Amino acid sequence: MEEKENYAAVLIEAARAPFQDPQILKKLLIGSLVSPFPVANFLTWGYAYRVFINGLNGAPVLTLPDWAEWRSYFRVGFWIFLITFGYVILTVFGLVAVISLTQGGVSSDVATMATVGLGSIALFNTISPVVFMRFAEEGRVWASFEPDAIFRDLRRVVRLDYIQLIFLFFGLYTMTLIVFGGLPVAGILLVLVTHFYLTLVFSHVFGRMIGQRKKGPPVVVTEPNE
């Protein structure tokens with residue numbers, strides 16, 4: 001049963017599985033080298049989304065897709081970008097409103113702006129697996145913004161292990177940036193590769209977790225209706 005599945009074991013297996021792929025270096029390098037560039041990085045978002053969908057459909061191990069379907073990755077990545085941008089804007093307005101009400105106004109100093117920006121990104125990343133699941137199930141961008149459905153699915157999915165995975169992802173993401181970012185020459189490449197790798201691993205694990213708890217029909221990746 002889903003309740004007894006050990007997601008620590010799922011995470012460990014997901015971290016190990018890509019190294020069984022003889023083309024791992026090629027697949028990771030393509031995504032890593034594309035990811036820093038605006039618009040081009042839609043490819044990596046769509047690629048990670050495909051990994052998420054495979055997990056959502058119960059794929060037992062993380063398998064790195066081939067890059068041959070790059071047009072599909074780019075199109076889906078564009079919709080993922082729109083959803084992400086919309087949520088960041090909404091959370092920015094929400095945080096500004098909260099700060100304004102609690103402090104009698106919003107300061108324009110750098111610290112406040114950084115708090116609002118980082119807080120908005122962190123808040124969205126916390127709920128993004130469920131948001132993208134809604135998009136996958138409905139095939140509609142607006143399905144990702146339906147509050148009743150989002151709250152219902154969050155209640156069904158979010159438990160202690162979900163929160164632990166969120167913190168672990170952020171922790172590893174930050175740690176690798178600190179450790180590798182200071183290295184000369186190769187540091188930037190190591191950061192890009194490890195961040196892309198972590199994104200794929202956690203996309204698979206969150207997909208598996210949400211798929212188990214939703215227990216819906218298999219999701220087919222299609223073009224959104226709107």
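Glutamate 138 forms a salt bridge with arginine 140, the closest N and O atoms being 3.9 Å apart; a salt bridge here is a side-chain nitrogen of Lys or Arg within 4 Å of a carboxyl oxygen of Asp or Glu. The structure is a predicted model, in which local features need pLDDT of at least 70, side-chain atom pairs count only at pLDDT 80 or more, and totals for chains, interfaces and linings use all residues. Residues are numbered from 1 along each chain as its sequence is written, and side-chain values use heavy atoms, with hydrogens and water left out.

Glutamate 138 is partly exposed, at a relative accessible area of 34%, and arginine 140 is likewise partly exposed, at 21%. Buried means under 20% relative accessible area, exposed means over 50%, and partly exposed lies in between, computed with a 1.4 Å probe on protein chains only. By the salt-bridge rule, the count comes to 10. In one of these, the side chains of arginine 134 and aspartate 153 meet at 4.0 Å, N to O. Arginine 134 lies in helix H5 (residues 110-138) and aspartate 153 in helix H6 (residues 147-157), so the pair ties together parts that are 19 residues apart in sequence. Helices (H or I, at least four residues) are DSSP runs, numbered from the N terminus. Both arginine 134 and aspartate 153 are buried.

Aspartate 153 also forms a salt bridge with arginine 152, at 3.5 Å from N to O. Arginine 152 counts as partly exposed, with 36% relative accessibility, whereas aspartate 153 has 0% and counts as buried. Through shared partners, salt bridges join Arg134, Glu137, Glu138, Arg140, Glu146, Arg152 and Asp153 into one network.

Arg152 and Asp153 are also among the H6 residues that meet helix H8. Two packed helices are described by the angle between their axes and the distance between the axes. Here axes are lines fitted to C-alpha atoms, for helices over the stretch in contact, and angles run from 0 to 180 degrees between N-to-C directions. H6 and H8 pack at about 100 degrees, with their axes 9 Å apart. That makes H6 roughly perpendicular to H8, a term for angles of 65 to 115 degrees, while angles under 35 count as roughly parallel, over 145 as roughly antiparallel and the rest as oblique. In this contact, Arg152, Asp153, Arg156 and Val157 in H6 meet Ile210, Arg213 and Lys214 in H8, contact meaning heavy atoms within 4.5 Å. By class, the contact of H6 with H8 has 2 nonpolar, no polar and 5 charged residues; Ala, Val, Leu, Ile, Met, Phe, Trp, Tyr, Cys and Pro count as nonpolar, Asp, Glu, Lys and Arg as charged, and the others, Gly among them, as polar.

H8 (residues 187-214) also packs against H2, where the axes come within 9 Å and cross at roughly 110 degrees. H2 and H8 are therefore roughly perpendicular to each other. The residues of this contact divide into 9 nonpolar, 2 polar and 1 charged.

The largest nonpolar core has 50 residues, of which Tyr49, Phe52, Val131, Phe132, Leu200 and Phe202 touch the most other members. Such a core is a set of buried Ala, Val, Leu, Ile, Met, Phe, Trp, Tyr and Cys residues joined through side-chain atoms within 4.5 Å. H8 gives the most to this core, with 10 residues.

Methods: Helix = DSSP H or I, 4+ residues; strand = E, 2+ residues; numbered from the N terminus.
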